[in-house]
Amino acid sequence: MALPKRKTSKSRRDKRRTHDRLKAVNVVECPRCHSKKISHRVCANCGYYAEHEIIIFEDKGKKKEKKEKKEPEKASKEK
């Protein structure tokens, strides 16, 4: 079994642990409703992301459904 030859100093130990900290979340203001949101995420308050409506709300605070891409309707030509 391998054992360390010397005690690891506090300085060396702490240098190794510098990357173990938690990073702060980048919070920005929603350009549409001006509430706080995480950057590059859909706003939980209004349901918009980059000027596109992603989540449609039935009532305020309740999710109805996610908006899906609509296929163009093909007009049937009957004679």
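Is Cys43 buried or exposed? Cys43 is buried, with a relative accessible area of 1%; buried means under 20% relative accessible area, exposed means over 50%, and partly exposed lies in between, as judged with a 1.4 Å probe on protein chains only. The structure is a predicted model, in which local features need pLDDT of at least 70 and side-chain atom pairs count only at pLDDT 80 or more, while totals for chains, interfaces and linings use all residues. Residues are numbered from 1 along each chain as its sequence is written, and side-chain values use heavy atoms, with hydrogens and water left out.

The protein has one helix and six strands. Helices (H or I, at least four residues) and strands (E, at least two) are DSSP runs, numbered from the N terminus. Read from that end, the elements follow the order α-β-β-β-β-β-β. Of the 79 residues in the protein, 11% are buried. The accessible surface comes to about 8,700 Å², and 50% of it belongs to carbon and sulfur atoms; such areas come from the Shrake-Rupley method with a 1.4 Å probe, and for residues only the protein chains shown count as cover. Contact means heavy atoms within 4.5 Å. Among contacts between residues at least 6 apart in sequence, 0% join residues at least 24 apart.

Confidence should be considered next. The predictor's confidence in each residue is expressed as pLDDT, from 0 to 100. The mean pLDDT of the protein is 80, and 73% of its residues reach 70 or more. Confidence is highest in helix α1 (residues 10–16), at a mean of 96, and lowest in strand β6 (residues 63–66), at 57. Where pLDDT is low, the predicted coordinates should not be read in detail.

The cysteines deserve attention. A disulfide is a covalent bond between the sulfur atoms of two cysteines; here the term is applied to a pair of cysteine sulfur atoms within 2.5 Å. A search of the whole structure finds zero disulfides. Cys30 is in no disulfide, and the nearest cysteine sulfur, that of Cys33, is 3.6 Å away. Cys43 is likewise in no disulfide, with the sulfur of Cys33 as its nearest cysteine sulfur, 3.6 Å away. Cys30 counts as buried, at 3% relative accessibility.

His34 is located in the loop between β1 (27–29) and β2, and it counts as exposed at 53% relative accessibility. Ser39 lies in the loop between β2 (36–38) and β3 (48–49). Ser39 is buried, with a relative accessible area of 14%. Apart from its neighbours within four places in sequence, Ser39 is in contact with Asn26 and Val28. His40 also lies in the loop between β2 and β3, but His40 is exposed, with a relative accessible area of 63%.

Most residues other than glycine have a negative phi. His34, although not a glycine, has a positive phi of about 65 degrees, and His40, also not a glycine, has a positive phi of about 60 degrees.

Finally, Arg32 lies over the face of Tyr48, at 3.7 Å from the ring centre. A charge sits over a ring if NZ of Lys or CZ of Arg is within 6 Å of the ring centre and within 35 degrees of the ring normal. The C-alpha atom of Arg32 is separated by 9.3 Å from that of Ala50, 18 residues apart along the chain. Ala50 lies in the loop between β3 and β4 (52–53) and counts as exposed, at 54% relative accessibility.
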